[in-house]
Amino acid sequence: MARIDTLRLAALQDGLITRSQALATGLTASALRYSARPGGRWQRLLPGVYATFSGPVQDIHKLRAAVLAAGEGSMVTGPWACRAAGLRYGPDPGEWVDALIGWRHDRGNIGFVRVTRTKRLPEPLWWIDEHRLEELRHGERPLSVVMEQLGHVPVPGIIPMAPAARAVVDTVVRPHRLPGGWQPACTSPAGCPDCRDDGHRAGALRNVRALMCEVVQRRLTSVSALRDEVAAAPRRGAALARQAMRDVEAGCRSAPECELRDLVRTSRVLPEPRWNRVLPGQRDIYPDACWPDARLVAEVDSRSYHGFGDAPRRTEERRARYAALGWRVLPVAPARLRTEPHVVLGELEAAYLVRGA
C-alpha cells in the first residue's frame with residue numbers, strides 16, 4: 001500500500017518525490033535506498049529529492065526538483081523564470097535553477113538549485129508545460145478547475161514562477177551568476193580585447209536593457225512594477241539595472257533605442273525627444289523618437305523587428321503616412337549607433353536644425 005501511495009504522490013509532482021514525503025507515505029528508509037541504488041528504478045536528482053523513474057531528466061523535472069528542494073512556498077526565479085515567461089532576450093538558463101524562498105526559511109544552495117531568501121516573497125504565477133497544457137485542454141476537467149487547486153495540492157506539469165518583473169530583476173542584479181556577456185567586468189585574469197573601451201560594461205548594459213525593455217514592451221509587467229523591483233533590489237550589482245530603468249521610464253522599448261537616447265543626450269543641439277508616444281494629432285502611430293517642434297522622427301531599424309514577415313510592408317506604409325502628414329523620418333540602424341555614433345548624431349542634428357527651412 002505504501003508503494004502505491006508513494007507513486008500516486010510522485011505522479012502529482014511529475015514523477016518526483018522528496019525523502020520526507022516518501023517516508024511519510026510509509027516507504028521505509030531501506031526500501032528508499034534500494035529503489036535509488038545504482039542501476040535501480042529510481043534516481044536521485046538532488047539531496048533528498050528522487051525521480052521515480054530511471055529515464056532522462058527533462059526541464060520540467062529540474063524545475064520541479066528545485067521547488068521541492070527549496071520547500072513549501074518556494075518558486076523559480078531568474079533566467080529559468082524569464083524563459084518560462086517567453087522572454088527572448090534573457091540569458092541561457094544553463095544548469096542552475098534559481099529559487100526564491102521566504103526569509104524565515106533557513107536553507108542554502110542545494111545541488112544545482114541556488115536559493116535566495118527574501119523578505120518580499122511575491123505571489124507566484126503558474127507556468128504550465130506545453131505538453132501538459134495540451135492534455136489539460138482536452139481533459140475531463142476544465143482548466144479553470146485545475147488551476148483552482150494550485151497552492152493546495154501539486155498538479156503535474158505546473159510550476160510556481162516569480163512574476164515577470166521580479167524574475168527579470170533577480171536575473172540582472174546578480175551578473176556573477178550569468179554568462180560572460182552579461183558581466184560588466186572581465187572574468188579573465190589576463191584580460192581580453194573587450195577590456196578596451198569598457199567593452200564588457202557596454203555589452204552587459206546592452207543585454208540588461210534588452211531584457212528590461214522586452215518585459216515592458218510585451219506587456220508582461222508595467223513600468224511601475226518593474227521600477228518597484230529595481231528599487232527594492234540589492235544595490236550591489238544593480239547599477240546597470242538602475243541605468244536601464246531610467247531609459248524604460250523615459251519610454252525606450254529596446255536596447256538600440258536606449259543607445260540612441262545615450263547618443264542624443266550628448267548633443268548640445270537636440271532636446272530629449274518623445275519616446276514611443278503617440279504622434280501629435282494622431283491616434284495609432286507611435287514613433288520610436290520624435291521631435292514635434294521639428295516634425296522629425298527617428299526610427300531604429302532593427303532587423304529583428306523591421307526585417308521579417310510583413311514588417312517591411314508595414315514600415316513602408318507607416319513612413320508614407322509620415323510623409324503625407326509632413327513629418328520627416330530618419331532611419332537609424334543599430335549597427336551604426338555602435339560603429340559611427342558621431343555620424344548618426346550629426347545627421348540627427350542637421351535634420352533637426354532645418355526645421356524652419
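Which residue in S3 is the bridge partner of Gln43? The answer is Ala51, and that pair makes a friendly starting point for a walk through this structure, which is a predicted model.

Gln43 belongs to strand S2, which spans 43-46. S2 pairs with strand S3, residues 49-51, in the antiparallel sense, and three bridges join the two. Together with S1, they make up an open sheet whose order is S1-S3-S2, with antiparallel pairing. The edges are taken by strand S1 (16-18) and strand S2, each of which pairs on one side only. On average, neighbouring strands of this sheet are turned by 35° against each other, direction ignored. Helix H4, made of residues 59-70, packs on the sheet and touches S1, S2 and S3. The direction of H4 makes about 15° with that of S1.

S9 meets strand S10 (residues 289-291) in the antiparallel sense over two bridges.

**The nonpolar cores**

Now look inside. The largest nonpolar core holds 74 residues, and the members that touch the most others are Val76, Met212, Leu226, Trp291 and Leu348. Apart from this core lies another, of seven residues, with Ala10, Ala22, Trp42 and Tyr50 among them.

Val76 is worth a visit of its own. Leaving aside residues up to four places away in sequence, Val76 touches Leu63, Val67, Ala81, Val97, Asp98, Ala99, Ile159, Pro160, Met161 and Ala162.

**Charges over a ring**

Which ring has the charged end of Arg117 over it? That ring belongs to Trp103, and the charged end of Lys119 also sits over the ring of Trp103. The table gives the distances.

| Charged residue | Ring | Distance from ring centre |
|---|---|---|
| Arg117 | Trp103 | 4.3 Å |
| Lys119 | Trp103 | 5.1 Å |

How many aromatic pairs are there, counting rings whose centres lie within 6.5 Å? The count comes to zero.

Technical notes:
Residues are numbered from 1 along each chain as its sequence is written. This is a predicted model: local features need pLDDT of at least 70, side-chain atom pairs count only at pLDDT 80 or more; totals for chains, interfaces and linings use all residues. Side-chain values use heavy atoms; hydrogens and water are left out. A nonpolar core is a set of buried Ala, Val, Leu, Ile, Met, Phe, Trp, Tyr and Cys residues joined through side-chain atoms within 4.5 Å. Buried means under 20% relative accessible area, exposed over 50%, partly exposed in between (1.4 Å probe, protein chains only). Contact means heavy atoms within 4.5 Å. Rings of Phe, Tyr and Trp (its six-membered ring) pair if their centres lie within 6.5 Å; planes under 30 degrees apart count as stacked, over 60 as edge-to-face and the rest as tilted. A charge sits over a ring if NZ of Lys or CZ of Arg is within 6 Å of the ring centre and within 35 degrees of the ring normal. Two strands pair if DSSP finds at least two bridges between them. Helices (H or I, at least four residues) and strands (E, at least two) are DSSP runs, numbered from the N terminus. Axes are lines fitted to C-alpha atoms, for helices over the stretch in contact, and angles run from 0 to 180 degrees between N-to-C directions.
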